Amino acid sequence: MTYYEITVGAQAECALRIEGAAPPDSGVHGRTYRLVAAFRGEKLNERGYLADERELRAMLGEVAAMLDHKYLNELPQFQGVNPSAENIARWVAGELLKKLPPLSGIRLAWVEAVIHRDAAVRYYL
């Protein structure tokens, strides 16, 4: 099967701590997450796009804004679970799925939480 894939990104500046981790992650620290979401589909629309990347970027931006400049451990979505990059990517994917129109012809393929230039976590759907 062949398909097109479009990726969009957003950024969130967060404070967090990881319970049970070694220092410095066990203490409150800041992190800049680059969030990337990939959408797939087989057909292009009448403009020759898989989807309007501005709309997808705005959708991801809305989700990133829910994390931006927040202490993640205090947010309801991370109660009882560490706000690790893995859990952040999974949560972002769930929020994007709520926003994606069901008959859009595209699907969410994966979400990546980039921790720093040498490390990232990708959650596949």
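# Reading a pocket and its salt bridges

Modeller: In this predicted model, the largest pocket holds about 170 Å³ of space. Residues are numbered from 1 along each chain as its sequence is written, and side-chain values use heavy atoms, without hydrogens and water. Because the model is predicted, local features need pLDDT of at least 70 and side-chain atom pairs count only at pLDDT 80 or more, whereas totals for chains, interfaces and linings use all residues.

Biologist: Which residues line the largest pocket?

Modeller: Rolling a probe the size of a water molecule over the atoms shows where empty space is left. A pocket is an open set of points on a 1 Å grid over the protein atoms alone, where a 1.4 Å probe fits, with protein on both sides within 12 Å along at least five of seven lines, and lining residues have an atom within 4 Å of a point. Points are joined across faces, edges and corners, and the volume is the space filled by probe spheres set on them. Here the lining consists of Asn45, Arg47, Leu50, Ala51, Asp52, Glu55, Leu56, Met59, Leu100, Pro101, Ser104 and Ile106.

Biologist: How many residues of that lining are nonpolar, polar and charged?

Modeller: The lining divides into 7 nonpolar, 2 polar and 3 charged residues, where Ala, Val, Leu, Ile, Met, Phe, Trp, Tyr, Cys and Pro count as nonpolar, Asp, Glu, Lys and Arg as charged, and the others, Gly among them, as polar.

Biologist: How many salt bridges does a search of the whole structure find?

Modeller: A salt bridge requires a side-chain nitrogen of Lys or Arg within 4 Å of a carboxyl oxygen of Asp or Glu, and the search finds 8. One of them joins the side chains of Arg40 and Glu5 at 2.6 Å, N to O; this pair links distant parts of the chain, 35 residues apart, with Arg40 in strand 2 (residues 29-41) and Glu5 in strand 1 (residues 4-16). Strands (E, at least two residues) and helices (H or I, at least four) are DSSP runs, numbered from the N terminus.

Biologist: Where do Arg57 and Glu53 lie?

Modeller: Both lie in helix 1 (residues 53-65), 4 residues apart, or about one turn of the helix, and their side chains meet in a salt bridge at 2.8 Å, N to O.
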